[in-house]
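Subject: Structure for you, with notes

Hello,

Here is the structure I promised to pass on. Please open it alongside this message; my notes follow.

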Amino acid sequence: MTRLAPAEARRVRLLGLDVDGVLTDNGVFIGPVSGEHVELKRFDIQDGLGLILFHTAGIPVVWVSGRSSEATALRAAELRVSELLQVPGPRKAAALEEVLVRRGIGWDEVAFVGDDLADLPILRRVGLPIAVANAVAEVKQVAAYVTQAEGGHGAVREVVEALLHARGEWPDILERYFSGVERTDTTTRKERTGT
């Protein structure tokens with residue numbers, strides 16, 4: 001990912017992330033366990049720490065997935081993601097728009113990371129469209145930035161670090177992370193250190 005301009009990064013008030021292909025490597029393990037249907041996904045731990053650091057900065061993160069998954073919901077809860085939207089692919093943009101209206105955030109104040117065709121309606125509207133290295137050609141064409149890392153292999157961490165560096169917040173975020181203090185919209189509290 002090329003360097004972000006400080007003004008561009010400071011404009012971001014919300015980070016939106018597709019899940020499969022961005023937070024995961026697009027693989028899904030499905031099968032029966034003791035007669036029950038089980039789905040497992042592989043999430044990158046460095047991405048998880050990146051999201052904890054972004055949370056420390058007080059910027060909301062919204063996951064927008066085109067499929068319902070208990071594995072996704074568990075990981076989102078573990079990382080204290082601001083909101084998880086699990087809606088059919090064609091409805092992803094409308095679901096995110098509802099969140100933006102409720103939070104008073106404009107499309108131009110959103111950075112969104114996607115990889116596949118269902119992400120195009122969102123990427124075409126946001127102020128900072130980002131594609132992961134493994135994104136399809138159509139997504140890369142509309143993206144302002146393309147990560148060097150592939151989805152599920154540190155791409156989200158790369159985006160988080162690029163945004164925080166460009167905003168000039170990286171040293172402060174690391175200091176707060178290591179001291180256990182995070183910034184929220186109205187309060188300061190202790191941050192858990194798990195990823």
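F112 stands opposite P129 in β7. This is a predicted model, so please read every value below as computed from it.

Strand β6 covers residues 110–114 and strand β1 covers residues 14–18. These two pair in the parallel sense, over four bridges. Four bridges also join β6 to β7, and that pair runs parallel too. From β7 the sheet goes on to β8 through two bridges, again in parallel. There, A131 has V146 of β8 as its bridge partner.

How many strands make up the whole sheet, and in what order? Six strands form it, ordered β5-β4-β1-β6-β7-β8. The sheet is open, and its pairing is parallel. At the edges are β5 (83–86) and β8 (145–146), each of which pairs on one side only. As background, strands of a sheet pair through backbone hydrogen bonds, either parallel or antiparallel.

Take a look at strand β7, residues 128–131. Both of its faces are covered. L128 and I130 are on one side, P129 and A131 on the other, and all are buried. In general, side chains in a regular strand alternate between the two faces of the sheet.

Helices

Helix α4 (residues 92–103) lies across four strands: β1, β4 (61–65), β5 and β6. Its direction is at about 155° to β5.

Next, a helix pair. Two packed helices are described by the angle between their axes and the distance between the axes. Helix α2 spans residues 45–56 and helix α8 spans residues 170–179. Their axes come within 9 Å and cross at roughly 100°. An angle of 65 to 115 degrees counts as roughly perpendicular, and α2 and α8 are therefore roughly perpendicular to each other.

Which residues meet there? From α2 come L49, I52, L53 and T56. From α8 come W170, I173, L174, R176 and Y177. The residues of this contact divide into seven nonpolar, one polar and one charged.

Salt bridges

The structure holds 14 salt bridges. Here are some of them.

- E109 and R13: their side chains meet in a salt bridge at 3.2 Å, N to O. The pair links distant parts of the chain, 96 residues apart. E109 is in the loop between α4 and β6. R13 is in the loop between α1 (6–10) and β1. R13 is partly exposed, with a relative accessible area of 36%.
- E83 and R102: the closest N and O atoms are 2.4 Å apart. This pair also links distant parts of the chain, with E83 in strand β5 and R102 in helix α4, 19 residues apart. R102 counts as exposed, at 54%.
- K41 and E39: the closest N and O atoms of this salt bridge are 4.0 Å apart. Both K41 and E39 are buried. They also belong to a network of salt bridges that links D20, E39, K41 and R67.

H37 lies in strand β3, residues 36–40. Is H37 buried or exposed? At 62% relative accessibility, H37 counts as exposed. Leaving aside neighbours within four places in sequence, H37 is in contact with I30 and G31. The C-alpha atoms of H37 and E138 are separated by 34 Å, and the two residues are 101 apart along the chain.

H165 is found in helix α7, residues 155–166. At 40% relative accessibility, H165 counts as partly exposed.

Best wishes

Technical notes. Residues are numbered from 1 along each chain as its sequence is written. This is a predicted model: local features need pLDDT of at least 70, side-chain atom pairs count only at pLDDT 80 or more; totals for chains, interfaces and linings use all residues. Side-chain values use heavy atoms; hydrogens and water are left out. Two strands pair if DSSP finds at least two bridges between them. Contact means heavy atoms within 4.5 Å. Axes are lines fitted to C-alpha atoms, for helices over the stretch in contact, and angles run from 0 to 180 degrees between N-to-C directions. Angles under 35 degrees count as roughly parallel, over 145 as roughly antiparallel, 65 to 115 as roughly perpendicular and the rest as oblique. Ala, Val, Leu, Ile, Met, Phe, Trp, Tyr, Cys and Pro count as nonpolar, Asp, Glu, Lys and Arg as charged, and the others, Gly among them, as polar. Buried means under 20% relative accessible area, exposed over 50%, partly exposed in between (1.4 Å probe, protein chains only).
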